[in-house]
Amino acid sequence: MHNQLEKILNEANEQIQKAVTVLDAEEIRVRLLGKKGALTEILRSMGKLGPEERKELGLKANNVRNEIETMLEEKFAQVKNAAREAKFIMEKIDVTEPGVEMTLGVKHPITLTIDEISRVFMSMGFSISDGPEVETVFNNFDALNAGPNHPARDYSDTFYITENTLLRTQTSPVQVRTLMSTEPPIMVISPGRCFRCDTPDATHSPMFHQVEGLVVDEGITMADLKGTLDSFAKQLFGPQVKTKFRPHHFPFTEPSAEMDVSCFKCGGKGCRVCKGSGWIEILGCGMVHPNVLKVGEVDTERFTGFAFGMGVERIAMLKYGVDDIRLFYENDMRFINQFK
Ligand code: DAH
């Protein structure tokens, strides 16, 4: 039995040295010192011995046990320490490492252009209102004096939803909504999406944006229209641009005009941007037709007004030198990021 104890101690020493993890050490502890362990086995069998022998062997067995326990204790401390060290290394943070830069989004060029247009009109005292993209046929056409035979009502130009509802083809129905809900004086712009059944090409998109404007008050004349829109053009394109108004026709204004600005690229000499003419058309406008005012029950003897509407894409293309409208809707970040 002495030999056996010797053997247990040697084996324990060998095994404990090899242990690498806490689990290894625990396994050894159970195997040697546990209830069914080798040492316990010996201690149990000592009952058969004489008192002298039992005392001697008991002493020795206890020493062996103590020695194994000490070795295990050291081992536990060592493997626990190693585990903690490994964790530290794995979780190490280099606080001097430069941070990862967050990429900030950019505003879409159409949004930028609407913001810019809105800023100019707000500085002149206009407020901004919103209208729905799904409109009634009445607001989009009838109330705007576009009678039942007006070509714009054609099924080929308009996305009809039902017989009486459609995707608005222009922001002008916001004029109707405003006139029906507000008393003059009115000074409002309304930017938003419009829709027409157009096949996409470099200058057409079935979805596009307009900014509508409406001013109604006592004594509003064509001079107010011209002064306001000339000031707008100068603030948007630069103080050097000139404006000119050409007679035109819209069902909801009388008289109607289109406003051109002198080419801000070549100053009017003629270039690729203005197609050699020196002028660029940027909006439609006119004095609000009495039939439109009447829809809003505005007293047409007392009040007059002017209205205007511009295509945002066209202005954005001119301002930023974009030559294809489809670029705005392809969601190519290489394009969008240029407008930082
Ligand atoms: N709604 C017109 C269009 O889509 C633009 C327009 C012209 C709006 C004259 C107006 C206006 O308010 O007075 O072509």
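Because the model is predicted, local features need pLDDT of at least 70 and side-chain atom pairs count only at pLDDT 80 or more, while totals for chains, interfaces and linings use all residues. Residues are numbered from 1 along each chain as its sequence is written, and side-chain values use heavy atoms, with hydrogens and water left out.

Start with the overall layout. The chain splits into domain 1 (2-90) and domain 2 (109-339). These bounds come from an automatic or database domain assignment. Taken over C-alpha atoms, the centres of the two domains are 91 Å apart.

Next, look at a helix pair. Helices (H or I, at least four residues) and strands (E, at least two) are DSSP runs, numbered from the N terminus. Two packed helices are described by the angle between their axes and the distance between the axes. Here helix 5 (residues 109-123) meets helix 10 (residues 312-320): their axes come within 9 Å and cross at roughly 100 degrees. That makes helix 5 roughly perpendicular to helix 10. Axes are lines fitted to C-alpha atoms, for helices over the stretch in contact, and angles run from 0 to 180 degrees between N-to-C directions. Angles under 35 degrees count as roughly parallel, over 145 as roughly antiparallel, 65 to 115 as roughly perpendicular and the rest as oblique.

Which residues meet? Helix 5 brings Pro109, Ile110, Leu112, Thr113, Ile114, Glu116 and Ile117. Helix 10 brings Val312, Glu313, Ile315, Ala316, Lys319 and Tyr320. Contact means heavy atoms within 4.5 Å. The residues of this contact divide into nine nonpolar, one polar and three charged. In this grouping Ala, Val, Leu, Ile, Met, Phe, Trp, Tyr, Cys and Pro are nonpolar, Asp, Glu, Lys and Arg are charged, and the others, Gly among them, are polar.

Now turn to charge pairs. Side chains of opposite charge can pair when their charged atoms come close. A salt bridge is a side-chain nitrogen of Lys or Arg within 4 Å of a carboxyl oxygen of Asp or Glu. The count by this rule is 16 salt bridges. For exposure, buried means under 20% relative accessible area, exposed over 50%, and partly exposed in between (1.4 Å probe, protein chains only).

Glu69 is partly exposed at 31%, and Arg65 is partly exposed at 24%. Another bridge pairs Lys107 with Asp115 at 2.7 Å, N to O. Lys107 is partly exposed at 46%; Asp115 is partly exposed at 31%. Asp324 bridges to Arg326, with the closest N and O atoms 2.8 Å apart. Asp324 is buried at 17%, whereas Arg326 is partly exposed at 35%. Arg246, Glu258 and Asp260 form a network of salt bridges.

Finally, check the backbone. Pro184 and Pro185 are joined by a cis peptide bond, with omega about 5 degrees. Pro185 lies in the loop between helix 7 (173-181) and strand 4 (186-195). A cis bond also joins Glu254 and Pro255, with omega about -5 degrees. Pro255 is in strand 7 (residues 253-262).

Lys275 sits in the loop between strand 7 and strand 8 (279-288) and is exposed at 75%. Asn331 also has a phi of about 55 degrees. Asn331 lies in the loop between helix 10 and helix 11 (333-336) and is exposed at 61%.
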